[in-house]
Amino acid sequence: MAKREEPKAEERRGEEKKIEEFGTEMYLESAKALRQVGARVFLSIGAAILIWIFGEMIFLPIAKGMTQEFMGYPVHSIISLIIVIALAIIIFTVFIDIRRLTGGMAGVLAYHFGKASGEMSVETYKNYRTALDGVLYVIIVSLAYLLFANYLAEINPVIPAILLVLIVIWAVFALWRSCKAIATVIGRYTSKWADELEKQVKKA
């Protein structure tokens with residue numbers, strides 16, 4: 001009987017070692033991504049906010065005081081278009097970096113929660129990443145809309161209204177997807193805890 005239990009114990013230890021190695025590797029890669037991308041994201045957001053402030057407080061008020069037109073467009077509309085393009089480029093780079101940032105955060109979460117529960121897997125990591133992607137993208141897009149709205153209204157008042165409707169529809173689906181991913185993770189943990197509780201009850 002002891003001989004049969006010994007291979008099972010060794011197999012269990014081997015699986016735990018593999019899980020630990022996988023989790024450690026994931027954690028190191030994720031921490032590296034957070035260090036590399038985190039500061040860049042905050043700097044890009046800071047640059048976007050500065051451009052918005054200077055445009056809103058200085059450039060647009062000056063442009064609105066001018067009566068000249070270029071190719072039939074007033075100066076304030078052209079200034080707004082230039083600022084919108086600059087903000088769009090910055091926000092696009094933020095989206096690229098956010099993808100790596102959420103991957104890093106998901107890896108760190110998967111490592112810590114997985115270590116606590118004794119279960120680390122690629123599936124759990126993907127669920128955390130899906131959840132973080134949805135929430136952070138909705139936050140970034142919402143903040144970006146606040147930055148863009150006034151400048152887009154200077155070009156054409158209809159543009160921000162249409163854009164807001166599209167953002168709300170997209171945000172609903174993105175947040176639903178995030179909640180579904182979190183529910184999957186919670187379901188795995190609660191299922192495991194329920195199995196352990198059932199085993200303890202049977203032993204008692």
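## Burial in the predicted model

A residue counts as buried when its relative accessible area is under 20%. The structure described here is a predicted model. D133 has a relative accessible area of 7%, and it is therefore classed as buried.

## D133 and its surroundings

D133 belongs to helix α3. When residues up to four places away in sequence are not counted, D133 touches R99 and T102.

## The largest nonpolar core

In soluble globular proteins, nonpolar side chains tend to be buried together. In this model, the largest nonpolar core comprises 19 residues. Those with the most contacts inside this core are V41, L87, V94, I98, F148 and Y151. At least two core residues come from each of the helices α1 (2–64), α2 (75–117) and α3 (122–155). The most is given by α2, which supplies eight residues.

L87 illustrates the contacts formed by one of these residues. With neighbours within four places in sequence left aside, L87 is in contact with A48, I51, L147, F148 and Y151. Among these partners, F148 and Y151 are also listed with the residues that have the most contacts inside the core.

Leaving aside neighbours within four places in sequence, S77 is in contact with E154 and I155. A polar atom of the S77 side chain lies 3.2 Å from the backbone oxygen of E154.

Terms used: Residues are numbered from 1 along each chain as its sequence is written. This is a predicted model: local features need pLDDT of at least 70, side-chain atom pairs count only at pLDDT 80 or more; totals for chains, interfaces and linings use all residues. Side-chain values use heavy atoms; hydrogens and water are left out. A nonpolar core is a set of buried Ala, Val, Leu, Ile, Met, Phe, Trp, Tyr and Cys residues joined through side-chain atoms within 4.5 Å. Buried means under 20% relative accessible area, exposed over 50%, partly exposed in between (1.4 Å probe, protein chains only). Helices (H or I, at least four residues) and strands (E, at least two) are DSSP runs, numbered from the N terminus. Contact means heavy atoms within 4.5 Å. A polar contact is a pair of N or O atoms within 3.5 Å; within protein, one must be able to donate a hydrogen and the other to accept it, and residues adjacent in sequence count only if both atoms are side-chain atoms.
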